Amino acid sequence: MVSGKGGTGKTTAAAALALSLAADGGRVLLVEVEGRQGLAELFGRDPLPYEERKVAEARGGGEVVALAVDAEAALMEYLEMFYGIRRAGQVLTRFGAVDFATTIAPGVRDVLLTGKATEAVRRREGGRRSRREEAPYSYDAVVLDAPPTGRIAQFLCVNAEVAGLARMGPIRNHADKAMATIRSSATAVHFVALPEEMPAQEAADGLAEVREAGLNPGFVLLNMVHEPLLPPDVLEAAEHGEVDTEALAQGLKAARLDAPRDRASALAQEVTAHAQRVGAESAVRRRLRALGRPMLELPFLGGGIDTDALFRLSDRLTAQGVAR
Amino acid sequence: MSGDPTTDPGGPGTPHGPDQPGTPGGPEAPDTPRLDVDALLSDTAVRTVVCCGSGGVGKTTTAAALGLRAAALGRQAVVITVDPARRLAQSMGLSELDNTPRPVELPASFAAPGGSLHAMMLDMKRTFDEIVEAHADPERAQQIMANPFYQSLSAGFTGTQEYMAMEKLGQLREEGDWDLIFVDTPPSRSALDFLDAPERLGRFLDGRLIRLLAAPARTGAFRLLGAGVGMITGMLSKIVGAQVLADVQSFVSSFDAVFGGFQERAERTYRRLQDPGTAFLVVAVPESDAVREAAYFVERLAADRMPLAGLVMNRTHGTGAEDLSAGESMAACAELERQGGHGLAAAALHLHARAADLRDREAALRGRLASAHPDLPVAEVPARTRDVHDLAALREVGDALGGGPPAV
């Protein structure tokens, strides 16, 4: 489960994580539940239908399969699976019952979304008929691009809530199974943060909330880190506005640029701003480290994220030890 | 999600003053009209400002900064935030917000005579409870609040938050203690939810399905529809469980008798949003996802005939040495690396190349938005090096929005 404050790059981080987990012959399902078609966008594809579809070949021959879970479609599937009443879906839709079941009824929507993701975790090759205990799992890992921190505990614990409401019946069974998978040691909730105070605070709050809810906290992924371009002593001086403008001007002259002096003072300000940002980012990094969770970092790439950039990010994760 | 600091993720923030509207260095971009924030905030006909946009673009900060600036312009402002993370509280220096507007202590220099600022954090459940308590006799209210379905509904299932935000907005407007209300919209999964949820919840609670569920089996409605209804309730009962269905039925019958039409409330709220006393601001950052969402939101608001005042583009980046292009800078950097030495200059040129590249990409994005919506007024807020978590920083954001300190 990959959560984090809105705008921290959860979807990108989840996709890079899926690529790393699939590397060298793995099979990973990457699930999105917020209906934004962020995965299709990332992998440069048309909007994904409600079906598991291969979107990328991982390094060394693994594959990433994507699924955009749609609550309504999941409900129809569920009805068909348990009752064989797919056609009845039309009647239900006409009466607003699907609206009811997927958007309004207590948590049914989130139950369907988490239910679909956790079903994929438990699924084994060969469907129902094979000797299930022995068959290999369909997926080596399932990565869920989960809702943001503000909603994550509620989202993951909805099954417990529903179990409290529906004392019996198929929804109850469904909810119980999903909750067991989510609470098990096979599931971890990771948090993506930016090297800024509030996203870091949300990651800390999210971790605490997840712990309190009895779920397993995972790693903290510090995203969009600006890699320092200058040695620490130069950065430290620059942070306080001390930049050797003279040396800068000499360098610009050596590079045969016009107006080296004017430009040197303008660039000195940019160096100071960079140093201040690197300083602020280090402070946030120290605070996040103090949370005691494993930390991963991804650089700020600029230029937007395309499939190529995604692979570069995944390589960074692999280099930091992310593997199956 | 909403509301975050306009922290600098990319390059050094160089403020674009009011003399540089729109898109610096984007000759292909049409001239973007500048959003006159002070004119909007000073317009006494405007009673509500709704900040909307995708997650993480700074809605809460924008709402709070506008509230602060409105106080500086002499208005009695209140900011409602519906975000479960307590960020507005942080940025206003408050440790806690609850469901009633609390005064924000402002230094004398922050508010014009007569101006004031209040802030509140929406407590969804409490707002729902308040509606019940206000409209039902104590016994009935008790009965409703004890219903498990009500408890789940009010504790925050999809749609409730949006609905309650609109409900609270309506309440504050009717109370009349504030002449300008700022609403920071919920961290919805998508822009759609914000406009749709109140109506959908209203439609559901007042809808055909619920009426059928609530109606005793022998009434005409059931007989007319015959077996169909039995099949539907039967299936619903299978999906959600008979107990849930029974809870819903008893909830609806007690709730319905009390309120006489949730849908009517939802529609009133919707119409209130459309009236000229409301101004929508779409908040975005110059990143492709956020700009795409913003464009979509602009179109959606127009389709719903909601009064759109303009767009706030947060976290824009500029550079020093404006005339040095990314390409030139990178070439000079490579030249220095070839020569050896001049480490500082090489690094500075590398940094500048990155910053100029970011600036150009942002300009292109803004240009695209401006081409699609040439009449959309825009206010830009340069990225900041540090987070916004005090009033002074909030005022700086307000100054950036208004193009300088407020002229009172």
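In this predicted model, helix α10 (residues 232–239) of chain A packs against α12(A) at an angle of about 105°, and their axes are 8 Å apart. Angles of 65 to 115 degrees count as roughly perpendicular. That is why α10(A) is roughly perpendicular to α12(A). From α10(A) come A:Leu235, A:Ala238 and A:Glu239. They meet A:Val271, A:Thr272, A:His274, A:Ala275, A:Gln276, A:Val278 and A:Gly279 in α12(A). By class, this contact of α10(A) with α12(A) has five nonpolar, four polar and one charged residues.

Helix α12 of chain A spans residues 260–289 and has a further partner, helix α11 (residues 245–254) of chain A. The axes of α11(A) and α12(A) come within 8 Å and cross at roughly 125°. The two helices are therefore oblique to each other. Their crossing is right-handed. On the α11(A) side, the contact is made by A:Thr245, A:Glu246, A:Leu248, A:Ala249, A:Gln250, A:Leu252 and A:Lys253. On the α12(A) side stand A:Pro260, A:Arg261, A:Arg263, A:Ala264, A:Ser265, A:Leu267 and A:Ala268. Seven nonpolar, three polar and four charged residues make up the contact of α11(A) with α12(A).

Chain B has a helix pair too. Helix α15 (residues 326–339) and helix α16 (residues 343–372) of chain B pack at an angle of about 160°, with axes 8 Å apart. That makes α15(B) roughly antiparallel to α16(B). The crossing of α15(B) with α16(B) is left-handed. In α15(B), the residues in contact are B:Ala326, B:Ser329, B:Met330, B:Ala332, B:Cys333 and B:Leu336. Their partners in α16(B) are B:Ala345, B:Ala346, B:Leu349, B:His350, B:His352, B:Ala353, B:Ala356 and B:Asp357. By class, ten are nonpolar, three polar and one charged.

| Pair | Angle between axes | Distance between axes |
|---|---|---|
| α10(A) and α12(A) | about 105° | 8 Å |
| α11(A) and α12(A) | roughly 125° | within 8 Å |
| α15(B) and α16(B) | about 160° | 8 Å |

Chain B also holds a sheet. Eight strands form it, in the order β3-β4-β2-β5-β1-β6-β7-β8. The sheet is open and its pairing is mixed. Its edge strands are β3 (102–103) and β8 (378–382) of chain B, each of which pairs on one side only. Strand β1 (residues 48–52) and strand β5 (residues 180–184) of chain B pair in the parallel sense, over four bridges. Within these strands, B:Val50 stands opposite B:Val183 in β5(B).

Helices pack on this sheet. Helix α14 (residues 288–303) of chain B touches β1, β6 and β7 of chain B. The direction of α14(B) makes about 160° with that of β6(B). Helix α2 (residues 59–72) of chain B lies across β1, β2 (76–81), β4 (116–121), β5, β6 (278–284) and β7 (308–316) of chain B. Helix α2(B) runs at about 170° to β5(B).

How confident is the prediction for chain B, and what is its mean pLDDT? The mean is 78, and 69% of the residues of chain B reach 70 or more. Over residues 1–29 of chain B the pLDDT is below 50. Beyond near neighbours in sequence, that stretch has 108 contacts in the model. Residues 216–227 of chain B also have pLDDT below 50. This second stretch has nine contacts beyond near neighbours in sequence.

Technical notes: Residues are numbered from 1 along each chain as its sequence is written. Chains are lettered from A and ligands numbered from 1 in the order in which they are written. This is a predicted model: local features need pLDDT of at least 70, side-chain atom pairs count only at pLDDT 80 or more; totals for chains, interfaces and linings use all residues. Side-chain values use heavy atoms; hydrogens and water are left out. Two strands pair if DSSP finds at least two bridges between them. Contact means heavy atoms within 4.5 Å. Axes are lines fitted to C-alpha atoms, for helices over the stretch in contact, and angles run from 0 to 180 degrees between N-to-C directions. Angles under 35 degrees count as roughly parallel, over 145 as roughly antiparallel, 65 to 115 as roughly perpendicular and the rest as oblique. A crossing is left-handed if the near helix is turned anticlockwise from the far one by less than a right angle, and right-handed if clockwise. Ala, Val, Leu, Ile, Met, Phe, Trp, Tyr, Cys and Pro count as nonpolar, Asp, Glu, Lys and Arg as charged, and the others, Gly among them, as polar. pLDDT is the predictor's confidence in each residue, from 0 to 100.
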